[in-house]
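Colleague: I've got this model open and I'd like to learn how to read it. Could you walk me through it?

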2 protein chains.
Amino acid sequence: MNLLPKQVRLVEVGPRDGLQNEPQPISIADKVRLIDDLSAAGLSYIEAGSFVSPKWVPQMAGSAEVFGQITRKPGVTYAALTPNLKGLEAAIAAGVKEVAVFGAASEAFSQKNINCSIANSLARFAPLMEVARAHDIRVRGYVSCVLGCPYEGSVAPDKVAEVARELYAMGCYEISLGDTIGTGTPGKTRTLIETVSRAVPREHLAGHFHDTYGQAMANIYASLLEGIAVFDSSIAGLGGCPYVQGASGNVASEDVLYLLNGLDIETGVDLDMLISAGERISQLLGRANGSRVARTRHSGTDTTTSRGMS
Amino acid sequence: MNLLPKQVRLVEVGPRDGLQNEPQPISIADKVRLIDDLSAAGLSYIEAGSFVSPKWVPQMAGSAEVFGQITRKPGVTYAALTPNLKGLEAAIAAGVKEVAVFGAASEAFSQKNINCSIANSLARFAPLMEVARAHDIRVRGYVSCVLGCPYEGSVAPDKVAEVARELYAMGCYEISLGDTIGTGTPGKTRTLIETVSRAVPREHLAGHFHDTYGQAMANIYASLLEGIAVFDSSIAGLGGCPYVQGASGNVASEDVLYLLNGLDIETGVDLDMLISAGERISQLLGRANGSRVARTRHSGTDTTTSRGMS
């Protein structure tokens with residue numbers, strides 16, 4: 001059997017990637033409560049907002065206020081998505097210490113989504129990276145469509161490696177590989193990691209899987225077998241409600257944690273507190289909880305402790 | 001990377017294990033239609049009913065009529081669950097050629113469920129096995145609670161191996177290992193298979209995973225890595241609707257097939273036809289489709305062909 005990492009860092013993307021894809025914006029106070037619940041549960045990395053125009057993404061309005069009002073727990077990274085220099089400057093003004101940028105591995109996706117080529121999109125990050133460096137701000141890079149593109153279909157692992165290499169060379173300390181449309185399966189996931197790890201060392205790669213086709217958990221296990229030790233996930237599967245048209249399909253943090261607990265992999269996160277945080281935000285949004293672990297607990301049919309059957 | 005099987009047989013349990021756990025019984029005609037849809041989609045093994053008292057399991061009433069009315073497709077096995085000799089005799093009278101029996105790997109579960117010890121429950125199958133042999137009827141054995149018991153908590157792999165060995169020695173040609181409560185995770189799944197395969201050859205083992213905690217797909221991938229090439233699954237996740245109290249959590253056949261297609265493992269099953277069969281029965285039952293692949297297709301956000309992104 002392959003060796004699994006002893007420790008995994010969960011990157012909680014619910015307050016950003018999750019809420020951004022929910023139909024209804026929530027109040028600043030509710031966002032702050034969610035983020036504080038998540039840090040209290042032991043998550044050490046929370047993507048807490050995005051500095052984009054509220055005209056385009058109304059769900060992310062008020063991110064500066066959110067960063068101002070959260071209770072900063074020592075050792076926790078509160079990150080923001082900053083698509084451009086203007087966003088970065090707003091983030092800096094709000095006291096943000098870590099940001100994330102986005103690149104696509106598919107030309108068609110890049111053109112349709114941000115109206116420019118992949119190369120141009122990366123070039124546009126150069127001034128952002130420079131300012132970030134000057135302010136000692138760490139930058140995480142996302143690559144989207146790594147296992148399939150809604151326009152192009154399959155995406156070559158070499159193309160993903162190329163984009164990952166560029167983001168890494170530009171100064172991103174970690175590259176999160178995003179299966180944006182959730183069409184990845186474990187064999188392709190492993191091939192992808194093997195290919196990309198020749199461009200960026202494995203310890204600087206993260207996995208970001210969507211459960212759109214039910215494959216996220218198998219892909220995460222496959223990634224663990226490839227030595228990946230950082231995974232993005234979303235509390236209560238926010239942003240991925242299976243009954244919402246166009247749902248992004250974020251994998252639920254609770255279910256990923258259950259997997260890691262079962263594999264005796266340390267995360268520092270408390271499953272019960274995570275479930276409570278997810279139940280609270282699901283009720284607030286009036287949506288079904290996207291975590292199976294949480295639903296089973298909630299239905300009263302749960303038969304296990306938070307560490308699973310050990 | 002471990003070697004995966006080139007071919008997998010899917011054992012469709014929706015018409016039995018699935019419907020049995022749905023709150024409302026459906027008509028014989030609807031059952032027949034479902035089973036015929038499933039064989040048309042290319043499934044070669046369908047558990048089509050159960051010969052038990054309709055007083056105890058009203059959903060399985062009329063199994064004899066179902067077996068009499070289905071269109072038998074050459075090469076397809078239509079099996080029935082027969083908990084005892086009386087059930088087997090009724091199955092034989094209905095023209096059934098293959099049956100399944102159940103044993104638990106947990107003493108507490110056996111006592112609470114069938115009010116006798118594991119040893120006694122297996123001993124009671126002896127006359128059934130004899131009659132089956134005399135009638136040239138193949139018998140498949142299920143072992144439940146292989147990765148956890150609602151009463152005992154953890155279950156020792158050695159105990160599972162012992163029960164599997166006995167069923168195999170009694171004449172069951174295949175032993176399906178059932179994670180009845182869905183608490184298994186991939187590491188424990190692999191340890192289980194390694195242990196049980198010292199008692200029963202791997203090629204005579206099958207995996208039966210429930211997605212109660214979102215772990216089924218990872219466990220199936222883990223089992224594939226251990227050389228398991230037969231999996232039980234349920235069309236549309238029948239019997240496992242996550243919003244039904246006490247749902248058993250059967251993994252959806254469509255999602256398993258999507259996984260296998262992505263791994264280039266042959267099954268002979270057509271995903272589109274499988275999805276159609278699942279949509280039809282979900283609508284009939286007035287329930288949400290438990291397959292993520294089907295829900296994504298249905299929501300119109302699907303971006304792939306039935307073979308996934310290749």
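Colleague: Let's start with strand pairing. In which sense do β1 and β2 of chain A pair?

Modeller: Keep in mind that this is a predicted model. To read a pairing, look at the sense of the two strands and the bridges between them. Here β1 (residues 9–12) and β2 (residues 45–50) of chain A are parallel, with two bridges. For a handle on screen, find Glu12(A), which sits opposite Ile46(A) of β2(A).

Colleague: And what do the strands build together, from β1 to β8 in chain A?

Modeller: Follow the pairing from strand to strand. In chain A you go from β1 through to β8 in order, and the eight strands make a closed barrel with parallel pairing. On average, neighbouring strands of this sheet are turned by 30° against each other, ignoring direction. Helix α8 (residues 157–170) of chain A packs on the sheet, where it touches β4, β5 and β6, and its direction is at about 170° to that of β5(A).

Colleague: How do α11(A) and α12(A) run relative to each other, parallel or antiparallel?

Modeller: Check the crossing angle; over 145 degrees counts as roughly antiparallel. The axes of α11 (residues 253–262) and α12 of chain A cross at roughly 170° and come within 10 Å, so the two helices are roughly antiparallel. Residues in the contact include Leu257(A) and Tyr258(A) from α11(A), and Leu274(A) and Ile275(A) from α12(A). By class, there are five nonpolar, three polar and one charged residues.

Colleague: Last one: is Ser291(A) buried or exposed?

Modeller: Look at relative accessible area: under 20% means buried. Ser291(A) has 0%, so it is buried. Ser291(A) lies in the loop between α12 and α13 of chain A, and its side chain reaches the backbone nitrogen of Ala294(A) at 2.9 Å.

Definitions and conventions: Residues are numbered from 1 along each chain as its sequence is written. Chains are lettered from A and ligands numbered from 1 in the order in which they are written. This is a predicted model: local features need pLDDT of at least 70, side-chain atom pairs count only at pLDDT 80 or more; totals for chains, interfaces and linings use all residues. Side-chain values use heavy atoms; hydrogens and water are left out. Helices (H or I, at least four residues) and strands (E, at least two) are DSSP runs, numbered from the N terminus. Buried means under 20% relative accessible area, exposed over 50%, partly exposed in between (1.4 Å probe, protein chains only). A polar contact is a pair of N or O atoms within 3.5 Å; within protein, one must be able to donate a hydrogen and the other to accept it, and residues adjacent in sequence count only if both atoms are side-chain atoms. Two strands pair if DSSP finds at least two bridges between them. Axes are lines fitted to C-alpha atoms, for helices over the stretch in contact, and angles run from 0 to 180 degrees between N-to-C directions. Contact means heavy atoms within 4.5 Å. Angles under 35 degrees count as roughly parallel, over 145 as roughly antiparallel, 65 to 115 as roughly perpendicular and the rest as oblique. Ala, Val, Leu, Ile, Met, Phe, Trp, Tyr, Cys and Pro count as nonpolar, Asp, Glu, Lys and Arg as charged, and the others, Gly among them, as polar.
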